[in-house]
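Reader: I'd like to learn how to read aromatic contacts and a few other local features in a model. Could you walk me through them?

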Amino acid sequence: MGMIETETQNLVGRIKTRDEQAFADLIDLYGDRIYSLALKILRNSSDAEDVVQETFTAVYEKVQTFNEQSDLFTWIYRIATNFALMKIRQSKHETIADHDLEYLDSRIEMPASVHSVYPDQLVLDNELKRELDLALQRIPKIYRTVFILRDLENLSTEETAAILNITESNAKVRLRRARLFLRDELCRYFERCGDKEHKNAE
Amino acid sequence: MQNDHHTNFVHFCHYLEEDIDTPLCQELLQHMEECPECKHNITTIRKTVALYRQSQSSAHLSPEIKRKLIAQLKHQAPDNLET
């Protein structure tokens, strides 16, 4: 067994005995990552803090049933992701209804034209950052969550599938569609920028 | 390999997840060097992902929230905590 796995098992064992320091250690170990994850999903620091509190409270309440042979990290991430997604459902901020997914999928599975605009050099200014954020909010949450877990949180396909309780194949499909959607949204944005510059120059 | 861009395109996106050493991936890499359209597709996807990664700033839980969380958990089970 690796050293990290041994340390994690020891930590879980201590938490099960309600060791206060063990819980403080757990929060130190995962607090920032859970907060970062929730913030990426919810884009709101207050909601993200709520998710952190709900997550660690749930871990505290359920740790007695946690199987120490399972992966602690995946378990906590799954709890946090579920709480974050629940908040989205409660706020009804989902922009694309499920029945529109089929149309969206057929649209995004087409390759971009070689003539589509995508600058070679990009300055990551506030305007572009805002556009990146808006584009991320526009895609369906089932794709957005996978993109966040895989490409922004750098989790593996296996970890992402386990957290979301989907197959690895499903995770790959959703990630592909998220990447394609975001790429296409950015191409449209760059085209609009090009049109604006052209009109300003006239 | 047939010059079917849509099929290749789907394979390319799977390729981003697959082991680069497989024969299929090697064949796709070769095709990408020769086909401007497929190369453009894979390049723009890679750039998009890189842009998102670059745009992320690190987020940290405030010490106050950590303290509040520990205090809340203490309150839930005061008899079980070591001093």
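Author: Gladly! This is a predicted model, and over all its chains there are six aromatic pairs.

Reader: What describes a pair of aromatic rings?

Author: A pair of rings is described by how far apart the centres are and by the angle of the planes. Take A:Phe147 and B:Tyr52: the centres are 5.3 Å apart with 80 degrees between the planes, an edge-to-face pair. This pair crosses between chains, with A:Phe147 in helix H7 (residues 141-152) of chain A and B:Tyr52 in helix H3 (residues 36-55) of chain B.

Reader: Is A:Phe147 buried or exposed?

Author: A:Phe147 is buried, at a relative accessible area of 0%. B:Tyr52 is buried as well, at 1% relative accessibility.

Reader: And how are the planes of A:Tyr189 and A:Phe190 arranged?

Author: Their planes stand at 55 degrees, with ring centres 5.5 Å apart, so this pair is tilted; the label edge-to-face would need over 60 degrees. A:Tyr189 is buried at 8% relative accessible area, and A:Phe190 is buried at 7%.

Reader: Which residues form one aromatic cluster?

Author: A:Tyr30, A:Phe73 and A:Tyr77 do. Helix H4 of chain A covers residues 72-91, and its 20 residues reach 29 Å from first C-alpha to last, close to the 28 Å expected.

Reader: Let's turn to the backbone. Which phi value does A:Arg18 have?

Author: Phi of A:Arg18 is near 65 degrees, a positive value in a residue that is not glycine. You'll find A:Arg18 in the loop between helix H1 (3-16) and helix H2 (20-42) of chain A. A:Arg18 counts as buried because its relative accessibility is 14%, under the 20% cut-off. A:Arg18 also lies over the face of A:Tyr60, 3.9 Å from the ring centre.

Reader: What about A:Arg43?

Author: A:Arg43 has a positive phi too, near 60 degrees, and sits in the loop between H2 and helix H3 (45-62) of chain A. A:Arg43 is partly exposed, with a relative accessible area of 39%.

Definitions and conventions. Residues numbered from 1 in each chain as written. Chains lettered and ligands numbered in written order. Predicted model: local features only at pLDDT ≥ 70, side-chain atom pairs only at ≥ 80, totals over all residues. Heavy atoms only, no water. Helix = DSSP H or I, 4+ residues; strand = E, 2+ residues; numbered from the N terminus. Buried < 20%, exposed > 50% of the residue type's maximum accessible area, 1.4 Å probe, protein only. Expected span 1.5 Å × (residues − 1). Phe/Tyr/Trp six-rings, centres within 6.5 Å; stacked < 30°, edge-to-face > 60°. Lys NZ or Arg CZ within 6 Å of the ring centre and 35° of its normal.
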